[in-house]
Amino acid sequence: MTFLNDIRITTKTFGGFGAVLLLLLLIGGGAIFALSSANDTFTRYRELARQSNAFAIVTKGMMETRIAVKDFLIRGDRASFDRVLSAQTGTIDAAEAALELVRLPERREILVNVETGVTDYETKFETVVEYQAKRDELVKGTLDVLGPEMRKKLTQVMESAYRDNDIAAAFYAGSSQEHLLLARLYVSKFLITNGAGDYERALEEFDVLDDSLAKLMAELQNPTRRRLTSAVIEEIETYRTTFAQVHDIIVDRNAVVTGQLDVIGPQVMEAAAELSGLAKAEQDKVGPRASAFMQKVVVIVMASVAVSLLLGAAAAWFIGTGIARPIGAMAGAMRRLADADKTVEIPGVGQNDEIGEMAEAV
């Protein structure tokens with residue numbers, strides 16, 4: 001303790017407070033650095049979570065788009081068309097939002113390809129819509145008009161021949177109407193299923209219908225019935241030609257669907273799923289690392305606090321002792337002098353601090 005006697009009280013006091021402040025600064029600085037590092041880690045984890053969510057939205061949007069396209073091919077109405085556009089817009093918006101979150105060049109490249117794929121899908125769907133519009137125009141404007149008209153004419157021929165007791169004409173008129181109905185049935189099935197079998201079966205029924213109409217014309221003598229039957233024969237030719245055009249349009253449309261939409265769609269979803277998997281894999285690494293780092297920070301801070309408390313207590317004890325003990329001894333000596341005890345030994349004589357100066361004065 002002798003070395004403390006040579007340090008002035010002012011130095012001891014300010015030095016003690018300075019030591020305590022230095023310890024607080026070290027603890028605070030260490031805690032700020034640790035929390036800043038932890039914040040960077042959790043910020044990265046949050047970024048990855050947002051990216052993973054954005055990629056999932058892209059995947060979901062592309063799936064909804066593909067489902068809406070299939071529904072449009074079946075229904076062909078405005079509502080299903082609007083659902084496709086809405087899903088496409090949502091998917092593109094999600095891809096653009098995801099692009100703003102991604103910083104790694106290789107992932108940005110994948111995401112750019114995803115966005116390009118979605119845009120390409122939209123362009124190809126416009127081609128499908130054009131085919132669908134042509135298909136609907138021919139079906140509604142020709143097939144759906146001529147079909148009922150031909151049936152009515154054959155019914156008139158059949159009923160007229162039956163009333164006139166023209167049994168052969170009535171029979172062939174009924175047979176022609178039967179094959180007309182069968183042909184229209186398979187035409188309708190083809191429009192729904194787009195199956196080659198239904199198309200071929202419709203053509204077969206048309207061939208049988210042509211033969212039946214030829215036999216009907218051979219039996220007819222009545223001018224009205226011949227005029228009606230001739231009209232049916234002409235309308236059948238128009239109907240068959242239009243149906244062939246519809247068939248070709250549907251084949252071309254389906255080629256775009258299967259050869260392009262059904263290729264682009266899975267590619268986009270696969271790329272988005274890949275990005276989501278990469279983000280999740282990084283999350284699985286960053287999450288445990290962040291948790292372990294925080295636990296380490298807690299241990300370091302607790303250890304720093306404990307060491308600081310010990311050092312602070314030791315400093316306070318040394319400084320307090322270095323100040324309080326000599327002052328207390330000096331007070332006792334001065335009290336004895338005040339009681340006229342001139343044999344008292346004055347403590348602190350020879351010290352280089354304020355206590356030594358007081359001792360010299362006493």
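Visitor: What makes Asn194 count as partly exposed?
Guide: Its relative accessibility is 23%. Under 20% is buried, over 50% is exposed, and partly exposed lies in between (1.4 Å probe, protein chains only). So Asn194, at 23%, counts as partly exposed. A word on the source: this is a predicted model, where local features need pLDDT of at least 70, side-chain atom pairs count only at pLDDT 80 or more, and totals for chains, interfaces and linings use all residues. Residues are numbered from 1 along each chain as its sequence is written, and side-chain values use heavy atoms, with hydrogens and water left out.

Visitor: Where is Asn194, and what is its phi?
Guide: Asn194 sits in the loop between helix 5 and helix 6. Its phi is positive, about 60°, although Asn194 is not a glycine. Most residues other than glycine have a negative phi.

Visitor: Which loop holds Asn165?
Guide: Asn165 lies in the loop between helix 4 and helix 5. Its phi is also positive, near 60°, and Asn165 is not a glycine either.

Visitor: What makes Asn165 count as exposed?
Guide: Asn165 has a relative accessibility of 58%. That value puts Asn165 in the exposed class.

Visitor: How many helices and strands does the chain have?
Guide: Eight helices and zero strands. Helices (H or I, at least four residues) and strands (E, at least two) are DSSP runs, numbered from the N terminus. Along the sequence the pattern reads α-α-α-α-α-α-α-α. Of the 362 residues in the chain, 38% are buried.

Visitor: What makes helix 5 and helix 6 roughly antiparallel?
Guide: Take the angle. The axes of helix 5 (residues 167-193) and helix 6 (residues 196-219) cross at roughly 160° and come within 8 Å. Helix 5 is therefore roughly antiparallel to helix 6. Angles under 35 degrees count as roughly parallel, over 145 as roughly antiparallel, 65 to 115 as roughly perpendicular, the rest as oblique. The axes are lines fitted to C-alpha atoms over the stretch in contact, with angles from 0 to 180 degrees between N-to-C directions.

Visitor: Which residue classes make up that contact of helix 5 with helix 6?
Guide: It has 17 nonpolar, five polar and six charged residues. Here Asp, Glu, Lys and Arg are charged; Ala, Val, Leu, Ile, Met, Phe, Trp, Tyr, Cys and Pro are nonpolar; the others, Gly among them, are polar.

Visitor: How do you know that helix 4 and helix 5 are roughly antiparallel?
Guide: Helix 4 and helix 5 pack at about 160°, with their axes 8 Å apart. Helix 4 and helix 5 are therefore roughly antiparallel to each other. The contact of helix 4 with helix 5 has 16 nonpolar, five polar and three charged residues.

Visitor: What makes Asp120 and Lys124 a salt bridge?
Guide: The distance between their side chains is 2.7 Å, N to O. A salt bridge needs a side-chain nitrogen of Lys or Arg within 4 Å of a carboxyl oxygen of Asp or Glu. So 2.7 Å passes. Asp120 and Lys124 are four residues apart in helix 4 (residues 105-163), which means about one helical turn between them. Asp120 is partly exposed, at 29%.

Visitor: Are Asp136 and Arg135 buried or exposed?
Guide: Asp136 is at 14% relative accessibility and counts as buried. Arg135 is at 14% and counts as buried. Their side chains meet in a salt bridge at 2.8 Å, N to O.

Visitor: Which parts does the salt bridge of Arg240 with Asp207 tie together?
Guide: The closest N and O atoms of Arg240 and Asp207 are 3.2 Å apart. Arg240 lies in helix 7 (residues 223-338) and Asp207 in helix 6, so the pair ties together parts 33 residues apart in sequence. Asp207 is partly exposed, at 43%. The structure holds 16 salt bridges.

Visitor: What makes the pair of Phe190 and Tyr199 tilted?
Guide: Phe190 and Tyr199 have 50° between their planes and 5.6 Å centre to centre. Rings of Phe, Tyr and Trp (its six-membered ring) pair if their centres lie within 6.5 Å; planes under 30 degrees apart are stacked, over 60 edge-to-face, the rest tilted. Both Phe190 and Tyr199 are buried.

Visitor: What makes Phe190 and Phe243 edge-to-face?
Guide: The planes of Phe190 and Phe243 stand at 85°, with 5.7 Å centre to centre. Phe190 is in helix 5 and Phe243 in helix 7, 53 residues apart. Both Phe190 and Phe243 are buried. Ring pairs link Phe190, Tyr199, Phe206, Tyr239 and Phe243 into a cluster.
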